[in-house]
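Let's take a friendly walk through a protein model, one part after another. Keep the picture in view as you read.

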Amino acid sequence: MFWTIIGLIFTGLIIGLLGRLFLPGRQSIGMLATIGVGILGTLIGYWIAAALGVEETRGVDWIRWIISIAVSAGLVALVAGYLNKGRSRM
């Protein structure tokens, strides 16, 4: 259980950073939010991959990772947009 949580945090960091990398421009989202969005994007991406029937394949699960990165990029854009909207009101 401990290593599962550590692996999920590490994966969330990597996926969150990759999600940010694929978005144009600068995102005003902190590192903790990036990790959280990455974890959430990974979990949603795994769920979508399972629903599509590509949950596990032989070798590297590229489709599952691509889905997770795309979901994380979308979540980073949503969170960054929400944070920017809140700052513009101040």
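## Before we start

A residue is called buried when its relative accessible area is under 20%, exposed when over 50%, and partly exposed in between, using a 1.4 Å probe and protein chains only. Helices are DSSP runs of H or I with at least four residues, strands are runs of E with at least two, and both are numbered from the N terminus.

This is a predicted model, in which local features need pLDDT of at least 70 and side-chain atom pairs count only at pLDDT 80 or more, while totals for chains, interfaces and linings use all residues. Residues are numbered from 1 along each chain as its sequence is written, and side-chain values use heavy atoms, leaving out hydrogens and water.

Helix H1 covers residues 2-21, which makes 20 residues. From its first C-alpha to its last it reaches 29 Å, close to the 28 Å expected at 1.5 Å a residue (the expected span is 1.5 Å times one less than the number of residues).

Which residues of H1 are buried? They are Thr11, Gly12, Ile15, Gly16 and Gly19. Looking down the axis of H1, you find its buried residues within an arc of 135 degrees, so they line one face of the helix (the arc is that of the directions from the helix axis to the C-beta atoms). On the other side of H1, Phe2, Trp3, Phe10 and Leu21 are exposed.

## A buried serine

Ser72 belongs to helix H3, and with a relative accessible area of 0% it is buried. Contact means heavy atoms within 4.5 Å. Leaving aside residues up to four places away in sequence, Ser72 touches Ile15, Gly19, Val37, Gly38, Gly41 and Thr42.

## The nonpolar core

A nonpolar core is a set of buried Ala, Val, Leu, Ile, Met, Phe, Trp, Tyr and Cys residues joined through side-chain atoms within 4.5 Å. The largest one here has ten residues, including Leu23, Ile67 and Val76. Helix H2 (31-52) and helix H3 (62-88) are the elements that give two or more residues to this core, and the largest share, five residues, comes from H3.

Ile67 touches Gly45, Ile48, Ala49 and Leu52, again not counting residues up to four places away in sequence.
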